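Have a look at the structure, then read on.

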Amino acid sequence: PTRPLLPVVGADLRAPLATGGDTRYVNLDYAASAPALLAVADHVAEILPTYASVHRGAGYASQLSTQRYEDARGTVARFVGARPDDVVVFTRNTTDALNLLAGCVPDGGEVVVLDIEHHANLLPWQRRAHRVVEAASTLAQTLSRLQVELARRPAALLAVTGASNVTGEQLPLGALAGLAHRHGARIVVDAAQLAPHRRIDVVAGEIDYVAFSGHKLYAPFGAGVLVGRRDWLDAAPPYLAGGGAVREVTLTATDWAPAPARHEGGSPNVIGAAALARACEAIAALPEGCAEVHESALRRRLLAGLDRIEGVRTLRLWPDSGSAIGVVAFTVDGYPARQVAEYLSAEHGIGVRDGRFCAHPLLSKLGADGAALRASFGLGSTADDVDRLLAAVEHLVTEGTTGTYATSAERPCD
Ligand code: PMP
């Protein structure tokens with residue numbers, strides 16, 4: 001393309017080095033948040049001057065904002081191939097969307113979840129009746145464990161991630177949806193990691209609910225979505241009580257609106273929704289499979305390179321998991337993850353994530369109780385980025401470092 005897909009943010013930053021000088025910053029932390037696409041940045045700049053409160057005013061700006069907000073809903077619905085009667089609820093992010101859904105599971109309904117999930121797809125269910133299934137050492141065995149659990153006692157919902165934010169491994173959503181439905185349960189997919197990397201087709205995959213975040217999909221923070229079946233959403237108490245979520249209010253009783261308004265109390269984030277929708281359009285317009293081919297090549301390059309470095313261990317769950325997104329976690333013998341991450345940033349201008357990735361049970365399961373490092377790619381990543389990381393890790397392992405770096409994580413969500 002004549003115009004780059006990504007804006008200068010992230011891609012063209014210069015990083016100051018502790019060793020002197022600066023260098024092109026290498027962003028290998030797309031899984032945390034992805035820099036805005038040019039199309040998204042342009043769209044936000046275009047609509048920012050004219051935003052107004054949606055659904056409320058009769059003025060032109062208000063009508064325009066309402067139109068943009070509702071159009072965004074339609075775009076998101078098309079992006080995930082939603083059924084005509086599905087509801088698109090705008091939320092703050094994936095965490096918000098899954099908490100919302102947790103409040104919509106019919107009373108008494110149990111939720112089945114694997115032990116490999118991000119906390120966003122674990123803790124909301126811990127507030128409900130739930131059962132945790134331990135993932136086995138192969139994907140096939142993991143599926144049979146889920147099958148046994150769903151057959152043992154009825155469940156209302158199976159909650160699974162589309163792709164792990166630690167290992168990048170994808171789950172076979174079609175098979176899992178079939179499994180859930182055969183046992184009378186619904187399925188929700190935490191697509192925070194999957195949506196930026198792979199096409200989601202709710203109908204073809206028989207997925208009942210899907211949740212993802214704008215900020216991992218090359219759009220700004222503050223907007224996410226929950227898309228899915230209407231009946232639970234209409235029957236549940238409103239997520240937030242307040243303006244916009246109602247049909248009629250008296251001092252003694254409230255007639256709540258149906259979804260999505262029911263769960264969107266308060267003035268909505270029009271810019272966030274429009275930006276997220278613009279990102280959906282831009283990603284959907286990419287040639288089919290191009291992101292997958294691009295990332296798979298980078299993933300293979302990184303895994304092969306890391307495997308060649310003495311004392312580096314990559315974290316993987318299943319030898320039989322076919323597909324994976326561009327997310328690779330690893331440890332370096334003798335070096336706490338925080339120290340490696342700080343070294344990579346200070347001496348090489350490389351940004352990776354370190355910690356336990358808001359998936360403490362999974363990190364323990366993978367034998368990396370302390371913490372690990374995670375490199376993740378996106379549309380702006382290049383083979384040169386991977387080679388820079390490999391060279392830096394190799395340098396650390398062979399030459400060591402004289403730099404003094406923190407050795408333990410102190411971030412709140414590690
Ligand atoms: N699920 C997965 C798999 C994630 O990677 C993340 C973000 N790290 C979340 C859920 C939560 O997303 P957010 O912080 O945008 O709510």
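## Two domains

The C-alpha centres of domain 1 and domain 2 sit 29 Å apart. Domain 1 covers 8–30 + 288–399, and domain 2 covers 41–284, with bounds taken from an automatic or database domain assignment. This is a predicted model, where local features need pLDDT of at least 70 and side-chain atom pairs count only at pLDDT 80 or more, while totals for chains, interfaces and linings use all residues. Numbering starts from 1 along each chain as its sequence is written.

## Where they touch

Domain 1 puts 26 residues into the contact and domain 2 puts in 23 residues (contact means C-beta atoms, placed from the backbone, within 7 Å). On the domain 1 side, α10 (290–307), β14 (327–332) and α12 (360–365) each give two or more residues; helices here are DSSP runs of H or I with at least four residues, strands are E runs of at least two, numbered from the N terminus. The largest share on that side, 4 residues, is from α10.

## The sheet

There's also an open sheet of 7 strands, ordered β4-β10-β9-β8-β7-β5-β6 with mixed pairing (strands pair if DSSP finds at least two bridges between them). β4 (87–91) and β6 (130–133) are at the edges with a single partner strand each, so one side of each has no neighbour in the sheet.

Further in, β8 (residues 186–190) and β9 (residues 209–213) run parallel, joined by 3 bridges. Val 188 has Tyr 209 in β9 as its bridge partner.

Key. Two residues are in contact if their C-beta atoms, placed from the backbone, lie within 7 Å.
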